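User: I have a protein chain here that I would like to go through with you. Could you take my questions as they come?

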Amino acid sequence: MVEDPPAKEDRDTTATDSTGTIVPETGIDPTIKQNALTVAEAQLTDVDRQICVKAYIVGTAYKSLNNILLWPPFTSSTSILLSDTPIVTENQTDETIDKNSFLPVCLTDRASIRKKLNLKDNPELWNHQVYIIGTRDYYMNVLGLKKVLEYEIVKDQE
């Protein structure tokens, strides 16, 4: 018996090459990527709007933005935080970072995406850019991104 291929929502959109470097498989449509929003732009969009954001994965949060982790090791696999700039460990501390500059992303809607994007299991994604498509919604008591549909790790940091 031949099995049906996995539904699009269950397919991975990233893979690794022989050196373990993350590379896109199918990825997000180039037209959508051209119109990707920054975190600052995404924070101005309406609730329930589906958007594509291009940003750095800089940390995780647990229950609220008052409980964030911005440096490894990461202990939460249910969320990631996006930022327009990467974390610079020598010059930044928890006290000097503006928590309002983060876009929290819920990873609990789809197990396949959670498995590939969470920093607890994938610490090598820390400070990597990603395109991520999801729905603007309240998460951790602020407007964030939920119902992630698709993502693509940026192969060459731009």
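User: Which residues does Ser-101 touch, leaving out those up to four places away in sequence?
Analyst: In this predicted model, Ser-101 touches Val-39, Gln-43, Leu-82 and Ser-83.

User: How far apart are Ser-101 and Val-39, in sequence and in space?
Analyst: They are 62 residues apart in sequence, and their C-alpha atoms lie 7.4 Å apart in space.

User: Where is Ser-101 found, and is Ser-101 buried, partly exposed or exposed?
Analyst: Ser-101 is found in the loop between E5 and E6. Its relative accessible area is 28%, so Ser-101 counts as partly exposed; the cut-off for buried is under 20%.

User: And Ser-79, buried or exposed?
Analyst: Ser-79 is buried, because its relative accessibility is 1%. Ser-79 belongs to strand E5, which covers residues 79-83.

User: What does Ser-79 touch, again without residues up to four places away?
Analyst: The residues in contact with Ser-79 are Gly-59, Thr-60, Ala-61, Val-105, Leu-107, Tyr-139 and Met-140. As for polar atoms, one in the side chain of Ser-79 lies 2.7 Å from the backbone oxygen of Ala-61.

User: How do E5 and E6 pair?
Analyst: E5 and E6 pair in the antiparallel sense, over four bridges. Within that pairing, Ser-79 stands opposite Cys-106 in E6.

User: Which way do the residues of E6 point?
Analyst: From strand E6, residues 103-106, Leu-103 and Val-105 point one way, while Pro-104 and Cys-106 point the other way. All of these residues are buried.

User: You mentioned Cys-106. How many disulfides does the structure hold?
Analyst: The structure holds zero disulfides. Cys-106 is buried, with a relative accessible area of 4%, and Cys-52 is buried as well, with a relative accessible area of 8%.

User: Another serine: where is Ser-76, and what does Ser-76 touch?
Analyst: Ser-76 is placed in the loop between strand E4, residues 64-69, and E5. Beyond four places in sequence, Ser-76 touches Thr-60, Ala-61 and Lys-120.

User: Is Ser-76 buried or exposed, and which side chain joins Ser-76 in a polar contact?
Analyst: Ser-76 counts as buried, because its relative accessibility is 8%. The side chains of Ser-76 and Thr-78 are joined by a polar contact of 3.3 Å.

User: Which strand pairs with E3 over seven bridges?
Analyst: That strand is E7, and the two pair in the antiparallel sense. In E7, Val-130 stands opposite Ala-55.

User: Why is E7 largely enclosed by the rest of the structure?
Analyst: Strand E7, residues 129-139, is largely enclosed because 10 of its 11 residues are buried.

User: How many bridges join E7 to E8?
Analyst: Nine bridges join E7 to strand E8, residues 142-153, and the two strands run antiparallel. Thr-135 stands opposite Lys-146 in E8. E7 and E8 form a hairpin with two residues between them, and Met-140 in the turn has a positive phi of about 60°.

User: Let us step back. What does the secondary structure come to?
Analyst: The protein chain has three helices and eight strands. From the N terminus on, their order is β-β-α-α-β-β-β-β-α-β-β.

User: What share of the residues is buried, and what share of the contacts joins residues at least 24 apart?
Analyst: Buried residues make up 45% of the 158 residues. Among contacts between residues at least 6 apart in sequence, 63% join residues at least 24 apart. The accessible surface comes to about 8900 Å², of which 48% belongs to carbon and sulfur atoms.

User: Last topic, confidence. What is the mean pLDDT, and where does pLDDT stay under 50?
Analyst: The mean pLDDT of the protein chain is 82, and 77% of its residues reach 70 or more. Over residues 1-25, pLDDT stays under 50, and the model has 39 contacts beyond four places in sequence for that stretch. Where pLDDT is low, the predicted coordinates should not be read in detail.

Methods:
Residues are numbered from 1 along each chain as its sequence is written. This is a predicted model: local features need pLDDT of at least 70, side-chain atom pairs count only at pLDDT 80 or more; totals for chains, interfaces and linings use all residues. Side-chain values use heavy atoms; hydrogens and water are left out. Buried means under 20% relative accessible area, exposed over 50%, partly exposed in between (1.4 Å probe, protein chains only). Contact means heavy atoms within 4.5 Å. Accessible areas come from the Shrake-Rupley method with a 1.4 Å probe; for residues, only the protein chains shown count as cover. A disulfide is a pair of cysteine sulfur atoms within 2.5 Å. A polar contact is a pair of N or O atoms within 3.5 Å; within protein, one must be able to donate a hydrogen and the other to accept it, and residues adjacent in sequence count only if both atoms are side-chain atoms. pLDDT is the predictor's confidence in each residue, from 0 to 100. Two strands pair if DSSP finds at least two bridges between them.
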